[in-house]
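Subject: Structure handover and notes

Hello,

Please find the structure below. My notes on it follow.

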Amino acid sequence: MKRNKSVIAVSAIIIAGSYMMLWSSCNKKAEYTAPIVPGNEPITTLRLIAQNINEPSDIDTGIWTQLNTNGGPIDFSKAHLTLKTNASYRMYVDLLDLDFPVSTDTPYFVTPLIEARKNFHLLCFQADASFFGNFAVETPAWGPTTAAALNIYREDSDANTPPLAVGLIDSVVTGSDSSSGILDITLHHQPNVKNGTCPPGSIDIEATDTIYISPNKR
């Protein structure tokens with residue numbers, strides 16, 4: 001009988017100790033864990049869709065594609081836009097991943113993901129003057145149009161304080177002279193370093209479109 005009492009006493013001590021350890025672990029202060037920063041998004045295709053604000057039927061689309069982003073061939077066959085002189089367009093930037101489609105007929109659209117992560121993304125536009133010397137691009141803040149052949153105003157902004165531009169939706173204003181040139185478009189990946197300028201961070205995609213500006217666009 002004494003032995004049974006001893007066993008019961010030891011068991012009680014073990015159980016009590018287990019509860020104490022559980023209570024102690026549950027009451028520890030939660031340690032801060034830094035959120036995981038998303039890596040670069042896989043993007044194979046950049047599509048520019050430009051619609052004339054004053055002539056809605058005037059729509060043009062440029063598509064730049066590089067399947068296998070590790071160095072596959074680039075398809076420039078549809079990477080061109082023709083815009084009218086002295087015109088205002090709204091331009092949408094669409095991003096896709098054709099390497100991993102949702103199905104055989106449905107590409108994976110990356111644009112909604114970039115929109116959700118807009119606090120650390122910025123689209124940048126600049127002219128590549130190495131091909132056409134008469135082509136100039138400016139990305140001024142809202143205000144007077146510059147004398148450049150192509151003025152691009154980013155319309156959308158993020159939730160930073162203060163809000164910073166993104167560039168998925170843009171207003172495009174052309175100049176009065178006919179011109180043509182290469183437009184470089186880069187999507188910059190800038191978690192925790194976004195400051196409204198292009199240099200910080202890394203690049204998700206770098207694409208080019210040939211832009212033609214003509215008063216006689218048909």
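A polar contact here is a pair of N or O atoms within 3.5 Å; within protein, one of the two must be able to donate a hydrogen and the other to accept it. Please keep in mind that this is a predicted model.

**H188 and its surroundings**

By that definition, the side chain of H188 reaches the backbone oxygen of C198 at 2.9 Å. The H188 side chain also makes a polar contact with the side chain of T186, at 2.8 Å. H188 sits in strand β11. Its relative accessibility is 9%, and it counts as buried because the cut-off for that is under 20%. Beyond its neighbours within four places in sequence, H188 is in contact with F120, H121, L122, C124, C198, P200, S202 and I203. For I203, which is 15 residues away along the chain, the C-alpha atom lies 4.5 Å from that of H188.

**The disulfide**

Two of the residues in contact with H188, C124 and C198, are also joined to each other by a disulfide, with an S to S distance of 2.0 Å. A disulfide is a covalent bond between the sulfur atoms of two cysteines. A search of the whole structure finds 1 disulfide. The link between C124 and C198 is left-handed, with -110° about the S-S bond. C124 belongs to strand β7 (residues 121–128), while C198 is in the loop between β11 (179–189) and β12 (202–213), so the bond ties together parts that are 74 residues apart in sequence. Are the two cysteines buried or exposed? C124 counts as buried, at 5% relative accessibility, whereas C198 counts as partly exposed, at 25%.

**Salt bridges**

Side chains of opposite charge can pair when their charged atoms come close. The structure holds 7 salt bridges, and I describe some of them here.

- E55 and K84 meet through their side chains at 2.8 Å, N to O. E55 is in the loop between β1 (45–52) and β2 (59–66), and K84 is in the loop between β4 (80–83) and β5 (88–97), so this pair ties together parts 29 residues apart in sequence. E55 is partly exposed, with a relative accessible area of 35%.
- E155 and R90 form a salt bridge at 3.1 Å, N to O. This pair links distant parts of the chain, 65 residues apart: E155 is in the loop between β9 (150–154) and β10 (169–174), and R90 is in strand β5. E155 is partly exposed at 31% relative accessible area, and R90 counts as partly exposed at 28%.
- K194 and D158 form a salt bridge in which the closest N and O atoms are 2.8 Å apart. K194 lies in the loop between β11 and β12 and D158 in the loop between β9 and β10, so parts 36 residues apart in sequence are tied together. K194 and D158 are both buried.

**Strand β9**

How many residues of β9 are buried? The count is 5 of the 5, so the strand is largely enclosed by the rest of the structure. In a regular strand the side chains alternate between the two faces of the sheet. In β9 both faces are covered, with L150, I152 and R154 buried on one side and N151 and Y153 buried on the other. β9 pairs with strand β8 (residues 137–138) in the parallel sense over 2 bridges, and E138 stands opposite N151. β9 and β10 run antiparallel and are joined by 5 bridges; here I152 stands opposite V172.

**Two further residues**

E41 is in the loop between α1 (2–26) and β1. It is buried, with a relative accessible area of 4%. The side chain of E41 makes a polar contact with the side chain of H189, at 3.2 Å. Leaving aside neighbours within four places in sequence, the contacts of E41 are V110, L113, I114, R117, H121, H189 and D204.

T61 is in strand β2 and counts as partly exposed at 32% relative accessibility. Not counting residues up to four places away in sequence, T61 touches R47, L48, I49, K78, H80 and L81. T61 and Y92 are 31 residues apart in sequence, and their C-alpha atoms are 9.5 Å apart in space.

Regards

Notes. Residues numbered from 1 in each chain as written. Predicted model: local features only at pLDDT ≥ 70, side-chain atom pairs only at ≥ 80, totals over all residues. Heavy atoms only, no water. Disulfide = S-S within 2.5 Å. Helix = DSSP H or I, 4+ residues; strand = E, 2+ residues; numbered from the N terminus. Buried < 20%, exposed > 50% of the residue type's maximum accessible area, 1.4 Å probe, protein only. Salt bridge = Lys/Arg side-chain N within 4 Å of Asp/Glu carboxyl O. Contact = heavy atoms within 4.5 Å. Pairing = 2+ DSSP bridges.
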